[in-house]
Amino acid sequence: MAEFRMPSLGADMEDGILVEWKVKTGDHVKRGDIIAEVETQKGIIEVEVFEDGVVDQILVQPGEKVPVGTALAIIRAEGEEERPETAEAKKTTPSTEEKKAAPEKPKPQPAIKREKRIRISPLARRFAAELAIDLSKVDGTGPDGAINRADVERAAARAKKPEKHVPEQPPEKKERAAGFHEGIRKAIAAAMARSNREIPHYYLETRIDMSRALKGLETENRKRSVKERILPAVLLIKAVALALGDVPALNGYWIDGVHRPQEAIHIGFAISLRQGGLVTPAIHHADLKSLDELMEALRDLIIRTRAGRLRSSEMTDSTITITNLGDIGVETVYGVIYPPQVALTGFGRITEQPWVENGMIGIRPVLTATLAGDHRATDGHTGARFLDAINKHLQDWEKL
Amino acid sequence: MNEEQIRKTIVDVLGQIAPEADFDELSPDDNIQKTLDIDSFDFLNFIIGLNDKLGVDIPESDYGQLATPAKIISYISAHVE
């Protein structure tokens, strides 16, 4: 038996609201399946399961807010017997106790009592939460007295007439959107303050002649339809991924005073949100993806980031971060490392600059690449090799 | 297709990319990337959107001619049937 817990999706995340289950008791699940949605400061995150098995029990119902680490469900290994005392265990699972012990915020959540199980469709549950309807007062007309959407609507209509319950709705919704951005701000503040407090950064910078890479990309893009074109940012992601293969010390974490380089290369790519703030979701195994696959992955990630639909692994797996601020016109990025990572690569705008080579001066498109490194984990020598490797891969762009 | 229709299409496509933008505030000579805070990924989507709606295939080398609403309108007018 394994517990499927409320994940920690950021240094400062204390709790999350379970929004929806994608599985039910008895369903078979595979490692990596998305089995639940959780609402956090960073929006609604799809949470993946880490084991293969069968959903044995669901311990937390949609709408409940629980602290990080709380067991949300029990996953039974394939072939493992269902425990006979399962029914009894339900009442005394650790999650219930943890939940009671945790300091409850006074913010009113839709009242869902665990003692009396309410049968309700997920749609109706969401609806009820939106309309602030107390589910214990709704009569279900569905199978086995289950509450459906129409029941919630009727209850909402009833509540509306005698008391003025519902008109509070619009401001509450606005508050929620504002709360989301406040949440992102808080999450960034916590991570960055910790970074500057704990990480002794060192910075390196190099200029890279982009003429070969850009010319190659232009020739390639000319053959392609608009939809298949590749952005220069994709070349940079791939070059960083390959450079990390050459200099693996920069790919990984610093945890509890120990440097832990990681084998898999998951690149966190900083994506700005239109309303302010940013998220750095991971592009998994960037070194193993082709440029087309990376472009597709980036497109998908940007769309889902802006729509607030990321997966838990994307929020937690990054082994390094890339910040590309070239679009806005800055030349050089001095980054702040995202803990517990040990490095951040920054790229500025590609500008035409004088360039001297073999005693000849010419004009080339030049990119400034920077590295912010954690001096506890690596030294400038390692960082210099890494920037040199990025340059090498960009000159050899056909092999990217 | 007249200028007004092209303008409307441009606003439609941009509206999907930058839903919070106020197009009345956008003057014909504003740089759309800077004014609307559009990054290179958004800009590519803008080109894809114009391609979908108007059937113009804009080569990468012409992106520089699409910086402002006035330039976009004249470029599209010259290239659309």
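**Architecture of chains A and B in a predicted model**

Strand 8 (residues 71-76) of chain A is largely enclosed by the rest of the structure, because five of its six residues are buried. A residue is called buried if 20 or more other C-beta atoms lie within 10 Å of its own, exposed if 12 or fewer do, and partly exposed in between, with C-beta atoms placed from the backbone. Helices (H or I, at least four residues) and strands (E, at least two) are DSSP runs, numbered from the N terminus. The model is predicted, and local features need pLDDT of at least 70, side-chain atom pairs count only at pLDDT 80 or more, and totals for chains, interfaces and linings use all residues. Residues are numbered from 1 along each chain as its sequence is written, while chains are lettered from A and ligands numbered from 1 in the order in which they are written.

Strand 8 of chain A pairs with two other strands, strand 1 and strand 6; pairing requires at least two bridges found by DSSP between the strands. Strand 1 (residues 2-5) of chain A runs antiparallel to strand 8 of chain A and is joined to it by four bridges, with A:Ala71 in strand 8 as the bridge partner of A:Arg5. Strand 6 of chain A is likewise antiparallel to strand 8 of chain A, again through four bridges, and here A:Ile74 in strand 8 is the bridge partner of A:Gln57.

Chain A as a whole contains ten helices and 20 strands, and buried residues account for 37% of its 400 residues. Among its contacts between residues at least 6 apart in sequence, 64% join residues at least 24 apart; two residues are in contact if their C-beta atoms, placed from the backbone, lie within 7 Å. The chain is divided into domain 1 (2-172) and domain 2 (201-399), with bounds that come from an automatic or database domain assignment.

Eleven residues of domain 1 of chain A are in contact with ten residues of domain 2 of chain A. On the domain 1 side, strand 5 (residues 43-48) of chain A supplies the largest share, six residues. That side comprises seven nonpolar residues, one polar and three charged, where Ala, Val, Leu, Ile, Met, Phe, Trp, Tyr, Cys and Pro count as nonpolar, Asp, Glu, Lys and Arg as charged, and the others, Gly among them, as polar. In the loop between strand 5 and strand 6 (53-58) of chain A lies A:Phe50, which is partly exposed because 16 other C-beta atoms lie within 10 Å.

Helix 10 (residues 380-395) of chain A has 16 residues and reaches 23 Å from its first C-alpha to its last, close to the 22 Å expected at 1.5 Å a residue, the expected span being 1.5 Å times one less than the number of residues. Its buried residues are A:Gly383, A:Phe386, A:Ile390, A:His393 and A:Leu394. Seen down the helix axis, these fall within an arc of 100° and therefore line one face of helix 10; the arc is that of the directions from the helix axis to the C-beta atoms. They pack against strand 9 (201-209), helix 6 (211-222), helix 7 (232-246) and strand 20 (360-374) of chain A.

In chain B, the buried residues of helix 4 (residues 69-79) are B:Pro69, B:Ile72 and B:Ile76. Between chains, 13 residues of chain B are in contact with twelve residues of chain A.
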